[in-house]
Amino acid sequence: EANVYALMEDVLEKLKILDYETKFLAPRRDFKPLHRCFFSVPDKPSDQFPYFAALSGWLLTTSGIDFVKWADFDEDPNSISQTVMSECKRLGFRGEFPVSKLRHGSGDAVCMVLNFLADCALKKMGFAVQPPVYTMADIVEEAQVDEEAEIGDEIDDTVTEDVENVSPYSAIDLDLKDRQNEQRVIQGVVESNVDPAKWALELERVGPMLRWKNKNLPSHEWRSHLDQSAKHETLVKERFKNVRSILINVGQKLQEAVDRISAKENHINKDFEHLGIDFREKDKNFNEIQGRYNELSQSVAELTGELTKKSEAVDQVKRQMTERNDRITDTSPLNRISSSLGQLRKEITAMELRIGVVSQTLLQRNAS
């Protein structure tokens with residue numbers, strides 16, 4: 001991850017050298033200036049990939065590559081990633097990773113591609129970082145060692161400064177893994193049990209070995225950066241003299257244009273003021289009419305609901321009346337009663353006939 005962050009910082013610095021804020025961001029209002037973790041930390045692919053695609057296209061164009069540009073990112077992200085990767089291969093890119101990593105718009109693959117394209121653009125522009133120049137005053141002088149000094153003597157301040165300037169990371173890196181597994185809980189004040197005499201003896205023994213002895217290597221690189229900054233400042237001042245008159249002229253023209261626009265705006269406001277007043281009055285009347293319309297629409301909706309209820313009640317009464325009329329005009333019960341009476345008459349006649357036969361039989365038996 002540290003390599004990704006370092007790559008992103010290199011990309012950002014190279015883009016600043018290419019003046020991407022003026023040449024790339026100025027025509028595009030939808031992109032914001034990059035920060036140091038934009039492409040190194042995954043955030044939103046919908047924001048990062050379009051930025052990566054547009055920035056890659058601009059860097060390829062700056063590098064002198066003539067290719068078919070994608071319009072407004074309507075193409076498939078896979079095809080855009082494949083196009084960027086193929087153009088990088090043509091320029092000599094040797095990174096080995098799947099093309100699908102570019103679709104996310106973040107990560108080490110994206111930073112590697114952007115770093116390579118930025119290098120190509122700087123090379124096309126003819127930009128090169130000059131090596132720092134050191135003077136003899138920048139070389140650290142070796143202090144003289146008093147080999148005959150006794151153990152109890154005080155150590156010179158120059159030796160202490162040399163020891164303090166030595167980077168302690170070489171000793172820390174050796175036992176860093178062991179210290180990570182230990183539980184470091186500090187309570188109270190830490191007191192040292194080392195004997196001062198032994199400490200002074202050890203310091204006197206290792207002090208000469210920790211001094212800077214190679215006089216051929218540079219020691220104050222910041223001086224070169226300071227000299228380079230002074231040169232850049234002088235160059236900017238020299239070029240600003242020629243550009244100042246142009247900038248003043250452009251500023252005056254812009255101020256005149258702003259004044260003309262303001263005067264025209266005031267003139268338009270005066271000419272169309274009566275139309276504005278008329279429009280505001282009509283808009284006020286329209287709002288009043290709209291309010292009355294809303295009230296009437298609400299009343300109509302309420303009356304429509306009541307009408308629906310009344311209609312349902314009327315339909316129910318009509319159904320009840322129809323059922324009653326059907327029951328009143330129905331003759332089927334009378335027909336059933338008539339048929340039942342005829343059947344009773346027949347049964348009574350048959351019964352009377354049987355009674356007569358039985359009576360006659362009884363009379364004949366009684367007579368005999």
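Guide: Let us begin with a helix pair: H3 and H4 cross in a left-handed sense, where left-handed means that the near helix is turned anticlockwise from the far one by less than a right angle, clockwise being right-handed. Helices here are DSSP runs of H or I with at least four residues, strands are runs of E with at least two, and both are numbered from the N terminus. Please keep in mind that this is a predicted model, in which local features need pLDDT of at least 70 and side-chain atom pairs count only at pLDDT 80 or more, while totals for chains, interfaces and linings use all residues. Residues are numbered from 1 along each chain as its sequence is written, and side-chain values use heavy atoms, with hydrogens and water left out.

Visitor: At what angle do H3 and H4 pack, and how far apart are their axes?

Guide: H3 (residues 45-62) and H4 (residues 77-91) pack at about 30 degrees, and their axes are 11 Å apart. The axes are lines fitted to C-alpha atoms over the stretch in contact, with angles running from 0 to 180 degrees between N-to-C directions.

Visitor: Which residues make that contact?

Guide: From H3 the contact uses Phe-49, Phe-52, Ala-53, Ser-56 and Leu-60, and from H4 it uses Pro-77, Ile-80, Ser-81, Val-84, Glu-87 and Leu-91; contact means heavy atoms within 4.5 Å. By class, the residues of this contact are eight nonpolar, two polar and one charged, where Ala, Val, Leu, Ile, Met, Phe, Trp, Tyr, Cys and Pro count as nonpolar, Asp, Glu, Lys and Arg as charged, and the others, Gly among them, as polar.

Visitor: Which residues of H4 are buried?

Guide: The buried residues of H4 are Ile-80, Ser-81, Val-84, Met-85, Glu-87 and Cys-88, with buried meaning under 20% relative accessible area, exposed over 50% and partly exposed in between (1.4 Å probe, protein chains only). Seen down the axis of H4, these residues fall within an arc of 160 degrees, so they line one face of the helix; the arc is that of the directions from the helix axis to the C-beta atoms. The buried residues of H4 pack against H3 and H5.

Visitor: Changing topic, what does Lys-14 touch?

Guide: Not counting residues up to four places away in sequence, Lys-14 touches Asn-115, Ala-118, Asp-119 and Leu-122. Lys-14 lies in H1 (residues 2-17) and counts as buried, because its relative accessibility is 18%. Lys-14 and Leu-122 are 108 residues apart in sequence, yet their C-alpha atoms are 7.8 Å apart in space.

Visitor: Last one: how many helices and strands does the chain have?

Guide: The secondary structure of the chain comes to twelve helices and zero strands. Buried residues make up 18% of the 368 residues in the chain, and among contacts between residues at least 6 apart in sequence, 66% join residues at least 24 apart.
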